Amino acid sequence: MNERTQVTDATPIKTLPDAQTVTEVQHYTDRLFRFRVTRPASLRFRSGEFVMIGLMGDPDPKTGKQKPLLRAYSIASPSWDEELEFYSIKVQDGPLTSKLQHIKPGDQLILRPKPVGTLVHDALLPGKRLWFFATGTGIAPFASLIRDPQTYSDYDQVILTHTCRDVAELTYGRELVESLKSDEMLGELLEGGQDKLVYYPTTTRERSPKMGRITTRLEDGTVFRDLGIDGITPGTDRAMVCGSMGLNTDLKRILEGFGLREGANSEPAEYVVEKAFVG
Ligand SMILES: Cc1cc2nc3c(=O)[nH]c(=O)nc-3n(C[C@H](O)[C@H](O)[C@H](O)COP(=O)(O)OP(=O)(O)OC[C@H]3O[C@@H](n4cnc5c(N)ncnc54)[C@H](O)[C@@H]3O)c2cc1C
C-alpha cells in the first residue's frame, strides 16, 4: 500500500475552532500514514516540537454537544515549510486515529497553535555529531530536524537510526532521506562532508540487512563497527531519543553509561528524550 492523494491551492474553510485544511494524504501500511495541512499564518515553532491536533468527537448522546478530541503530534515538517506535515499511527480502536485515518484532502482538522517539546537544538550543548534514535512514529520529530538547515550547520555529522518491526514501516523515513539528496536547499548542505547524514534503519521482526533493536546494537558495539565510529563520548556526541517508554528508558541508561547527561530547554546538556506515545 502506498496511496497518495493531494490538492493544490487549498483555502482553509474556518468552521471548526483552529481549523486547518488537509492538503495531502499518503498511506504506507495499514498502521501508518502521513498527511499535510495548511499552516496558520501566526504559527511559529522550532523544528522537533509537537502540537495538539484532532477532530470533533462524537455528539454527546444526552446533550448532542460535540467536543474536540485532541492528541499530541510531533510536527514532522521543518520550521521553514509553508505547510505542516504529520506522520501518524492508525490504532483501529483509538478514539482519534480510528477516524483520522480516513481524512482526505479538503477535510478539516483542529490544530492548537501552541508548540512545545524538548527535541530541539536549544536543549543541547554544542557538539560535533548528532544522533537521532527513533522507533515507529518516533521518527516524526526527526523528519522535521533532518530538513532543518541548522542541523547541518551545527554538526559535522548527523546519524538517524530508525527501528521498526517490518521493512514497510521504514518507508517514510527512507524516502525522506533519499529525497533530501536531490533537495535544492539541503542537497548542497549534505554534500559538504562525506556521510553528513547517515541513515541507519533496523528491523526487529522482518528480515532486513540490519536486524535487531538499536539498544542491543549500541551495547554490543555493532552500530559503531558498522559506521566506523569509535563510540559515543560527551565531548563530541549529542543525542535525541523518541520512542516507546521501554526504548526511552533503555536508551537513557545506555547514553548515561557513555557519560551523556539529559538536557532540557531550561538547562541544555548532551541528550534529550521525548515519548513517541503514551501507553
Ligand atoms: C509528545 C507526544 C508526541 C506524539 N507524536 C505523535 C506523532 O507524531 N504521531 C503519532 O502517530 N502519534 C503521536 N503521539 C501519540 C498520539 O498522541 C496518540 O496517542 C495517537 O494519535 C493515537 O491516538 P488515539 O486517540 O487513536 O489512541 P490513544 O487512546 O491515544 O492510544 C491508544 C493506544 O495506542 C497505542 N499508541 C498510541 N499512539 C501510538 C503510536 N504513535 N505508535 C504506536 N502505538 C501508539 C498506545 O498503546 C496507546 O495506549 C504522540 C504522543 C506524545 C505524548
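This is a predicted model: local features need pLDDT of at least 70, side-chain atom pairs count only at pLDDT 80 or more; totals for chains, interfaces and linings use all residues.
**Entry 1: the domains.** I looked up how the protein chain is divided. The domain assignment gives domain 1 as residues 3-115 and domain 2 as residues 121-275. I then checked the spacing: the centres of domain 1 and domain 2, taken over C-alpha atoms, are 26 Å apart.

**Entry 2: where the domains touch.** I looked up how many residues each domain gives to the contact. Domain 1 supplies 16 residues and domain 2 supplies 14 residues. On the domain 1 side, I noted that strand S3 (32-38) and strand S6 (83-89) are the elements that give two or more residues. S6 gives the largest share of that side, with 3 residues. I also sorted the residues on the domain 1 side by type, and found 7 nonpolar, 7 polar and 2 charged.

**Entry 3: helix H4.** Which residues of helix H4 (residues 171-181) are buried? I found Tyr 172, Gly 173 and Leu 176. Looking down the axis of H4, I saw that its buried residues fall within an arc of 95 degrees, so they line one face of the helix. On the other side of H4, I noted Glu 178 and Lys 181 as exposed.

**Entry 4: what covers H4.** I looked up what lies over the buried residues of H4. The cover includes helix H2 (140-145), strand S9 (157-164) and strand S10 (197-203). S3 and S6 are also part of the cover.

Technical notes. Residues are numbered from 1 along each chain as its sequence is written. Domain bounds come from an automatic or database domain assignment. Two residues are in contact if their C-beta atoms, placed from the backbone, lie within 7 Å. Helices (H or I, at least four residues) and strands (E, at least two) are DSSP runs, numbered from the N terminus. Ala, Val, Leu, Ile, Met, Phe, Trp, Tyr, Cys and Pro count as nonpolar, Asp, Glu, Lys and Arg as charged, and the others, Gly among them, as polar. A residue is buried if 20 or more other C-beta atoms lie within 10 Å of its own, exposed if 12 or fewer, and partly exposed in between; C-beta atoms are placed from the backbone. The arc is that of the directions from the helix axis to the C-beta atoms.
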